[in-house]
Protein chains: 2
Amino acid sequence: MKLIKNGICAVDGFEAVGKHIGIKKVKKDFAVIYSDRLCSAAGVFTSNKVKGAPVVLTQKYLKDGKAQAIVINSGISNVATGKKGYEDAVKMSKLGGVELDVDNENVLVASTGLIGAYLPMDKIEWGIKGVKDELVGDGSDASEAILTTDKVVKEIAVDFGGFKVGGIAKGSGMIHPNMATMLGFITTDAKISAGNLKKMLKRAVDKSFNMVSVDMQTSTSDMVLIMANGNAGEVSEGKFQDVLDFVCLDLAKKIAKDGEGATKLIEVNVKGGPSTQDAKKIAKSIVSSDLFKCAVYGNDPNWGRIMCAIGNSKAEFSEEKIDIYFNGVKIVNGGVGVDFKKEKVINSLKKGEVKVIIDLNEGRFEATAYGCDMSEEYVKINADYHS
Amino acid sequence: MKLIKNGICAVDGFEAVGKHIGIKKVKKDFAVIYSDRLCSAAGVFTSNKVKGAPVVLTQKYLKDGKAQAIVINSGISNVATGKKGYEDAVKMSKLGGVELDVDNENVLVASTGLIGAYLPMDKIEWGIKGVKDELVGDGSDASEAILTTDKVVKEIAVDFGGFKVGGIAKGSGMIHPNMATMLGFITTDAKISAGNLKKMLKRAVDKSFNMVSVDMQTSTSDMVLIMANGNAGEVSEGKFQDVLDFVCLDLAKKIAKDGEGATKLIEVNVKGGPSTQDAKKIAKSIVSSDLFKCAVYGNDPNWGRIMCAIGNSKAEFSEEKIDIYFNGVKIVNGGVGVDFKKEKVINSLKKGEVKVIIDLNEGRFEATAYGCDMSEEYVKINADYHS
């Protein structure tokens, strides 16, 4: 397995463009991902009961398991916009269909940004005109155009030998398990049926994007879409799942690391669980704890806040069996603190590495969640960002 | 109903003391509440599965519905301290029993502060010696001695005519529905059986302390205790419940307002709900949203973040029926934003008043939750507070 360049466009047959059309003041805010042929396609969507119009429409369009293009804007999410918002989403796909010469039901749409505002359809109409000639085989502009408060572009591409998988994602705030304020777009040339694609994407997302939390807020716009153009022919399902898992996990970690105001990536591995579900609940509860996140920001291996988060997780465990390791150093044994080299742990935290292992010593199941610390900058970003 | 002075000691027959015994560096850290006769007593405790030793012991002691004194320390919570921690809690009650000449099973204990450290029993032994002579009829030292990161003392006392109710509380961080990092102590001279007391306390706590959130973290040490010495004879249950509700709600709001780093008290009233449970879920989800709390800190009536929190609440509602009011101004109608005088709302937010009304327009049930905004100071306090 080899890492290669160009994200989603690393896969032959896919092109993309990212540009500024005036939804945001200066930054790129509009992207199109295009396949030269009809693809098997699948998606995983937000669990928030309030869903953006683009989420509703794209879910509908994906019922046939087919897609050829995705039109995306950032700056406004087209959420809580009623009937007009839905019509705008339909229009966005139709405009894409005309320009790209694709049946509009195969043009998926995604939007991210402010909730409650209507899309500036005049700007989108103007921006999409002639977009087919602007498509290039380098995904970097598209990966930039989908960002909101993100500081860095998130992309990856993998050449497995027989087939390739490329992906880009955005997400920085309003991020919590069950699909974050995040968009993810994945391309591959592997030949896979839409049904299998959906099943495998769900599996990969459950272990990656759904294990990331920045701030407990599951957004109204989340989606991860995958398009497979079949160019590389049939592939081993097992191998494809491995590569897809790898790509999703890489993008998910990049999102956690770029969490609003984050200075550190936090990885919490819960093992010895009585079930995977219990291990997941505990891992998520810890990476979601503001108090624990603040302690990590302050370079403090505060295991009391971890015990508090474990107790709040509603998972099964026995307090007196819990062992906790902080960057490889055992600091809790059987539910009670032990003497440890605190200075050593603090210094490792200062390097920005935070790996916490919780051993429940109950069973053989485990789970890992990813998050980031909480700094004053998180508050500043979200207090200054005005609706 | 008349507000009176002296908190828990406003009720005849109760005395208290608060002092510094060296658990904290400088601030008062030890308190005793004493009744001159055996009381009916009841408590409500944390739902966190990890419970502090004092919680476990006090729950056990309260099985007979009787108590005469409470010994409290702040600075160390005696949580995650195993067998020794439990023995320390028992010893604390025994020392109290000897000094106050009370059967030790009628001496309840409560601790708040750092998790994972053992109580300095030598200091407690030294501090409790001769404490009976230090008791006074003014509760202010005790209400100060139970604080941790709190900025202000929280106390109230009410004279209803026939009977009195007094209360003190602490709580500032690690605060979330289902009992916050909070301790509450309530006294009354009304004559009420322990069974009724428990039922009525639960009812009052559900509408007050359990509707407060500072940071989604349900602490391991929470408890609210009530002691009724019966001095004033039988009282009307309905009237007593009203007064108890009033006292609990007053203390709960004081806790929300003194949330770590808080600059504003937030009140979210959800009405028109299909059930009380749905209204509660939505109200709590909104006051618990970091993103919404940051927006309030930034004086932004960001209703998009409210819609996001409503969608995440797992409650029943119809998006297209939701109306939202911000400090009396309607800003969402039928799930969609309306034009409103934004400047006027922003100015009202700047005054520190935040009342949000959500009308679900579904049924006739309602609920109100209380919280505070989130400032850089919250992060600072919790990053600087070292274990």
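1. Confidence by element. pLDDT is the predictor's confidence in each residue, from 0 to 100. Elements are DSSP runs numbered from the N terminus: helices are H or I with at least four residues, strands are E with at least two.

2. Basis. This is a predicted model; local features need pLDDT of at least 70, side-chain atom pairs count only at pLDDT 80 or more, and totals for chains, interfaces and linings use all residues. Residues are numbered from 1 along each chain as its sequence is written, while chains are lettered from A and ligands numbered from 1 in the order in which they are written.

3. Overall scores. Chain A has an average pLDDT of 88, with 95% of the residues at 70 or above. For the complex, the predictor reports a pTM of 0.79 and an ipTM of 0.71.

4. A contact means C-beta atoms, placed from the backbone, within 7 Å. Where pLDDT is low, predicted coordinates should not be read in detail.

5. A:Ile124. This residue sits in helix α3 (residues 121-128) of chain A. Leaving out residues up to four places away in sequence, A:Ile124 touches A:Ile21, A:Asn73, A:Met92, A:Leu95 and A:Leu119.

6. A:Ser236. This residue lies in the loop between β10 (223-228) and α6 (237-257) of chain A. A:Ser236 counts as exposed, with 12 C-beta neighbours inside 10 Å.

Notes. A residue is buried if 20 or more other C-beta atoms lie within 10 Å of its own, exposed if 12 or fewer, and partly exposed in between; C-beta atoms are placed from the backbone. Two residues are in contact if their C-beta atoms, placed from the backbone, lie within 7 Å.
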